[in-house]
Each structure stands twice: as C-alpha cells, then as structure tokens.
Amino acid sequence: MVVKILLADDHPLTRSGIAEFVKREGTFSLVAEAEDGVRAWELIQELKPDVALLDIRMPGLDGVTVAQKVKSENLNTAIIMLTSYDAQQYVIASLRAGARGFVLKTVSPKELTTAINTVAKGGLYLDPEVASVMGNQDFIPEQLSVREREVLLLAAKGLSSKEVARRLFISERTVQTHLASIYDKLGSRNKTEALLLALKYGVVTLEELLEED
C-alpha cells in the first residue's frame with residue numbers, strides 16, 4: 001500500500017528536505033506541498049491524502065487549526081505535527097485537535113518513516129524526545145490492570161477492537177468493556193486522550209508503545 005502524503009511547512013529549506021526524503025521512500029507518495037495552513041487545508045479537502053505532515057506554526061492557519069478542521073469534517077487524513085517545539089501545551093493541543101502524531105524536526109528518517117506508517121494505519125506516534133515533556137506522576141486515582149494496559153497499547157497501535165480481541169484471545173465485547181474502564185479510570189473520552197494521560201502518569205511508556213509486535 002502506498003501512503004499518500006501532503007506536506008505543509010512555511011520554511012522552504014525544511015519543506016524541500018522532508019519532501020526529498022518522502023519521495024525516496026518507495027511506499028510513500030508526496031501528492032502535494034503547501035507553504036501555509038490555508039493552502040494545506042484546501043489541498044487536504046481536494047486530494048484527501050492518507051497523511052498530512054503539518055508545521056504547527058504557519059501563516060494563515062496554524063497546524064492545530066487545520067487538524068481541528070480535518071476532525072470536524074470527519075476526513076480520513078491522519079495528521080502528524082512537524083515542529084521545532086516540544087512544550088507540553090503544543091503536544092496536548094495537537095492531540096486534542098485530532099492529530100495522530102507529534103514529531104520534532106530533529107526526527108531521524110527512520111523515526112519519520114515509523115511515524116507515518118503508524119498513523120496511516122490508525123495508531124498514535126509521539127517523538128521519543130517528547131516523552132520527557134509529558135511529565136511523570138506516581139499516582140493516579142486508580143491503576144490500570146495488566147489486561148487494560150495490554151488493550152490500551154494495542155488500540156494505540158491502530159488495532160481495531162476486533163483485532164485486539166483476536167490478539168488477546170478475548171471477545172470484542174470484553175475489549176469494549178476494558179476500554180470503557182480505561183476511559184473512566186483515566187478521565188478520558190477516547191483512545192488518544194487515554195494514551196496521552198497514561199503516558200503522563202507513567203502507566204505506559206513510550207518505549208512500550210513503539211515496540212515492534
């Protein structure tokens with residue numbers, strides 16, 4: 001499967017460098033480039049790429065606003081924020097806006113490839129350097145069970161409830177029950193928020209999330 005990618009960054013050198021990398025990857029297809037958020041949003045609506053790499057701060061519309069528009073229109077384009085900023089508020093704002101990935105511009109080609117492939121199949125990817133930003137606390141109202149942690153990690157990697165059930169040899173209904181319990185314990189509304197809070201509280205680690213199956 002070839003992953004169709006849109007790239008938006010207002011810095012020409014950064015954009016050209018990433019574009020060249022994407023073009024070299026046999027499983028990626030760069031369908032368009034944009035130098036501002038307004039054009040990026042127009043191209044997303046027109047071309048419906050699988051993945052959009054968006055600079056978080058662009059003229060016109062910033063990356064977070066574009067992500068919010070994609071989410072509100074229920075488009076299937078997965079958003080990866082590409083940024084120089086690793087402050088916690090940027091990470092949280094991006095993921096709450098519906099972004100599936102957050103990658104620093106210092107990312108290695110290998111990690112960028114992993115990020116694109118992960119979000120393209122429905123998973124969540126956070127740059128390893130972002131882990132320290134998320135903070136770590138030893139206490140949450142109620143700890144997740146071993147099984148709940150397994151369900152959360154598999155769901156975060158893009159597996160459907162049916163696929164998680166098959167992997168863990170449990171019913172799909174049981175998976176849904178575990179997810180409901182996870183959301184309740186972490187005070188989250190969906191898988192993205194649940195994983196974000198689980199990382200923040202140290203319930204799961206980024207290394208666990210990025211482990212190969």
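This is a predicted model: local features need pLDDT of at least 70, side-chain atom pairs count only at pLDDT 80 or more; totals for chains, interfaces and linings use all residues.

Trainee: In what order do the six strands of the open sheet lie?

Mentor: Strands of a sheet pair through backbone hydrogen bonds, either parallel or antiparallel. Here the six strands form an open sheet with parallel pairing. The edge strands, each pairing on one side only, are β2 (28-34) and β6.

Trainee: Which residue of β3 is the bridge partner of Leu 6?

Mentor: Strand β1 (residues 3-8) pairs with β3 in the parallel sense, over four bridges. In β3, the bridge partner of Leu 6 is Ala 52.

Trainee: Which residue is the bridge partner of Gly 101 in β6?

Mentor: Strand β5 (residues 101-104) has partners in both β4 and β6. With strand β4 (residues 78-83), β5 pairs in the parallel sense over four bridges, and Thr 83 and Leu 104 are bridge partners. Two bridges join β5 to strand β6 (residues 125-126), again with the strands running parallel. In β6, the partner of Gly 101 is Tyr 125.

Trainee: Are the residues that point either way from β5 buried or exposed?

Mentor: Gly 101 and Val 103 point one way from β5, while Phe 102 and Leu 104 point the other way. Buried requires under 20% relative accessible area. On both sides of β5, these residues are buried.

Trainee: At about what angle does α3 run to β4?

Mentor: Helix α3 lies across two strands, β3 and β4. Its angle to β4 is about 175°.

Trainee: How are α8 and α9 oriented relative to each other?

Mentor: Two packed helices are described by the angle between their axes and the distance between the axes. The axes of α8 (residues 172-186) and α9 (residues 191-200) come within 10 Å and cross at roughly 55°. The crossing in which α8 passes α9 is left-handed. With that angle, α8 and α9 are therefore oblique.

Trainee: How many nonpolar residues does the contact of α8 with α9 have?

Mentor: From α8, Leu 179, Ile 182, Tyr 183 and Leu 186 meet Lys 191, Ala 194, Leu 197 and Ala 198 of α9. By class, the contact has one charged residue and no polar ones, and its nonpolar residues number seven.

Trainee: What is the distance between the C-alpha atoms of Arg 173 and Lys 162?

Mentor: Arg 173 is placed in helix α8, and it is exposed because its relative accessible area is 71%, where exposed requires over 50%. Arg 173 and Lys 162 are 11 residues apart along the chain. Their C-alpha atoms are separated by 8.9 Å.

Trainee: Is Lys 48 buried or exposed?

Mentor: Lys 48 is found in the loop between α2 (37-47) and β3 (51-55). Although not a glycine, Lys 48 has a positive phi of about 50°. Its relative accessibility is 52%, and the threshold is over 50%. Lys 48 therefore counts as exposed.

Trainee: What is the relative accessibility of Asn 74?

Mentor: Asn 74 is placed in the loop between α3 (63-72) and β4. Its phi is near 55°, a positive value in a residue other than glycine. Asn 74 counts as exposed because its relative accessibility is 65%.

Methods
Residues are numbered from 1 along each chain as its sequence is written. Side-chain values use heavy atoms; hydrogens and water are left out. Buried means under 20% relative accessible area, exposed over 50%, partly exposed in between (1.4 Å probe, protein chains only). Axes are lines fitted to C-alpha atoms, for helices over the stretch in contact, and angles run from 0 to 180 degrees between N-to-C directions. Angles under 35 degrees count as roughly parallel, over 145 as roughly antiparallel, 65 to 115 as roughly perpendicular and the rest as oblique. A crossing is left-handed if the near helix is turned anticlockwise from the far one by less than a right angle, and right-handed if clockwise. Contact means heavy atoms within 4.5 Å. Ala, Val, Leu, Ile, Met, Phe, Trp, Tyr, Cys and Pro count as nonpolar, Asp, Glu, Lys and Arg as charged, and the others, Gly among them, as polar. Two strands pair if DSSP finds at least two bridges between them.
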